[in-house]
Each structure stands twice: as structure tokens, then as C-alpha cells.
Amino acid sequence: MSTVKKSVAVLGLGSMGAALADALMVAGHEVSVWNRTPGRAEGLVARGARRAGSVAEAVTAGEIVLVCILDYGDIGPLLEQQGGGRAALQGRVVVNVTNGSPEEARAMAERVTALGAAYLDGGIMAVPEIIGSPDAFVLYSGSREAFEAHRSVLDAFARSVYLGEDPGLAPLHDLALLSGMYGMFGGFLHAAALVRSAGGSVAEFTTTLLQPWLGAMAGSLPAMAAQVDSGDYSVTGSPLAMQVAHDSIGEVSRAQGVSPELFAPLFALMERRVADGHGSEGLAGLVELVHPR
Ligand SMILES: NC(=O)c1ccc[n+]([C@@H]2O[C@H](COP(=O)([O-])OP(=O)(O)OC[C@H]3O[C@@H](n4cnc5c(N)ncnc54)[C@H](OP(=O)(O)O)[C@@H]3O)[C@@H](O)[C@H]2O)c1
């Protein structure tokens, strides 16, 4: 928890912006809030936030300007026109946690820097309910100086992870983490459909078998990651040729009335990799098909 109290302007009080503003207040910071629809600020004001009547008023009140709105495209005009432009933003730090692409983050960093402010892009790896809890973390990229100077404030939200000066790094890693998550959820849904097709309890299967199994399999990720980094995909057990010898998952799924469409794209890549002559290697080599070196 922070000891140095700072002034923070929060622009955007949707579910996430409001949770971030609350976490800042809990940490004892001076929080000014602005939202396009003013009524959304009521609860925060009742809990001690200062209501800003305009974006410019909020920006003027905050050493740090936290932006959390729905669309990246709306942020430039918000800061440049409604926010008072260079006259208001000079010397401030803009922390933008609106979800966007790496290219959008780099372009936003240029626009904000042109207004005389330092820029940090943030990727929130949490839902509003767990902001302020140890399970949450937020990725940051952009000005290292700004991150180091204000880290104690950012730590009010979650564990803060700084990735580097390139502002695009936070959104890229955010999307990489979501990709891993969706892969896991896709695997879960296929497994759940198979168990349900046989009349089983998906809840019991998940807690007694799937969670421990996925936990054990997750243990192999660092070794696979090292192979991706090195390009050496040799394995002693479970080579790809063995794994694609039979499309058991596809065949049994179809027989059970379960569409294999969640699993089929991965299996097709495994078959292609074997056809390319890499049957004796491991699964990690599939990365070469989706991102050739
Ligand atoms: N919620 C999550 O679980 C979560 C997790 C990680 C990241 N995020 C990211 O956090 C950002 C905000 O999400 P949220 O969940 O807070 O969304 P939300 O509850 O739908 O709120 C959207 C906010 O954006 C404001 N807004 C939309 N267009 C605007 C504009 N043109 N000018 C000014 N303000 C505008 C809205 O103002 P009004 O009240 O006036 O409509 C509202 O304050 C998004 O980029 C989202 O991807 C959310």
C-alpha cells in the first residue's frame, strides 16, 4: 500500500474506471473523477472523490491522468480538445488502461508526448471485482521514468508489471495472455461436451479430473517455451508422429455427437507439421507454422 499520497484524475467511470478510482481512494490518494454521463460519478463522490465538471478540470486537478473508456479512438479528442490540450497536460503523466492494439498504443504515446505529458499504456489482467486484490495484475509499457516515479500509485490497483519503453508491449502481452486463456477455455468446452455426451457430470469431472490434469500439463509450459525460444524441438517421449497416428479425439467426438471444430484446427497443424518431416519432434514446433522464423 502506498505511503506517498498523489493527485489522480480518473476519466471514465464505467465498471473498470470506477473500480480503479475506488482502489485509489482506499490507498489514500486524492481522486478527481469525470465521466461523460455525469450521473455515474455519484457513488464515487459520496465515497470521497472530487467531482470534476469537465475533462479539463479533472486534468488540472491530477498529477496523474488515468484514462479508462471504451474505445481508443475517443481518447485523442478527449485529451486534446476537452482536456485543454498542451496547456493542461504539460508535465503530467497519462496512464491509459483502455484496451487497444500495439499500434494504437504507439500512436497514442506520440499524441500524448506532443502535449507535453509522459505516457504509460496499461493492460488490466483482471475484472473490476478483483481490482485491489492480490489476484489482479496490470501490464504497463511506455515511459520507464513515469512508471518508476508513480509505481506506488499504480500498485493500488494490482501487482504492477512493467514490460519496457515500447508502448505497444502492454497491449501485445495482454492479447498473448488472453490467447492462452481462450485456448484453455476452448479445451475445457470440448472436454465438457464429451463428458456431457456420455451423461456425466461436467462439474464433478472438472474438479476431480480436469483441473488437476491441466495443472500437471501447465508444468510442461516452461520447457516448451524454451524450445520455442531456441528452435530446437527435439523430444524423447510423445513425438508428434505418435500424437497424430489416430485422430481419436475427432473420431470419438463425432461418434458422440460432439463437433470437433474446437480441436480440429490444432490437429490439422499437427498433421501438417508431421507431413513437413517433423514427426519426431514435439508439439512446440507448431509455432513455426503460425509464425515462421
Ligand atoms: N470490465 C472489465 O472486465 C475490463 C477488464 C480489463 C480491461 N477493461 C477495459 O477497460 C475499458 C473500460 O471498460 P469498462 O468495463 O469500464 O466499460 P463500461 O463499463 O462499458 O464503461 C465504458 C466507459 O467508457 C465511457 N465512454 C465511452 N465512450 C466514450 C466517449 N466517446 N467519451 C468519453 N467517455 C466514453 C463511458 O461513459 P458513459 O458512462 O458516458 O457511457 C463509460 O465510462 C475498456 O477498454 C475495457 O476493454 C475492462
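This is a predicted model: local features need pLDDT of at least 70, side-chain atom pairs count only at pLDDT 80 or more; totals for chains, interfaces and linings use all residues.
Residues are numbered from 1 along each chain as its sequence is written, and side-chain values use heavy atoms, with hydrogens and water left out.

Domain 1 spans 7-166 and domain 2 spans 173-290. The bounds come from an automatic or database domain assignment. The domain centres, taken over C-alpha atoms, are 38 Å apart. Seven residues from domain 1 and four residues from domain 2 make the contact, meaning heavy atoms within 4.5 Å. The buried area is about 430 Å², and carbon and sulfur atoms give 76% of that. Buried area is the accessible area (1.4 Å probe) that two parts lose on being put together, summed over both. On the domain 1 side, Met125, Leu139 and Leu163 lose the most area, together 64% of what that side buries. E6 and E7 are the elements giving two or more residues to that side. E6 gives the largest share, three residues.

Now the sheet. It is open, has eight strands with mixed pairing, and runs in the order E3-E2-E1-E4-E5-E6-E7-E8. Strands (E, at least two residues) and helices (H or I, at least four) are DSSP runs, numbered from the N terminus. Two strands pair if DSSP finds at least two bridges between them. E3 (50-51) and E8 (159-162) are the edge strands; each has a single partner strand, so one side of each lacks a neighbour in the sheet. E6 (residues 118-125) and E7 (residues 137-142) pair in the antiparallel sense over six bridges. Glycine 123 stands opposite leucine 139 in E7.

Helix H7 (residues 144-154) lies across E1, E4, E5, E6, E7 and E8, and runs at about 175° to E8. Axes are lines fitted to C-alpha atoms, for helices over the stretch in contact; angles run from 0 to 180 degrees between N-to-C directions.

The salt-bridge count comes to ten. In one of them, arginine 47 joins aspartate 22, with the closest N and O atoms 2.8 Å apart. Arginine 47 sits in the loop between helix H2 (42-46) and E3, and aspartate 22 in helix H1 (residues 15-26), so the pair ties together parts 25 residues apart in sequence.

Alanine 18 also lies in H1. Not counting residues up to four places away in sequence, alanine 18 touches Gly12, Leu13 and Leu44.

How values were computed. A salt bridge is a side-chain nitrogen of Lys or Arg within 4 Å of a carboxyl oxygen of Asp or Glu.
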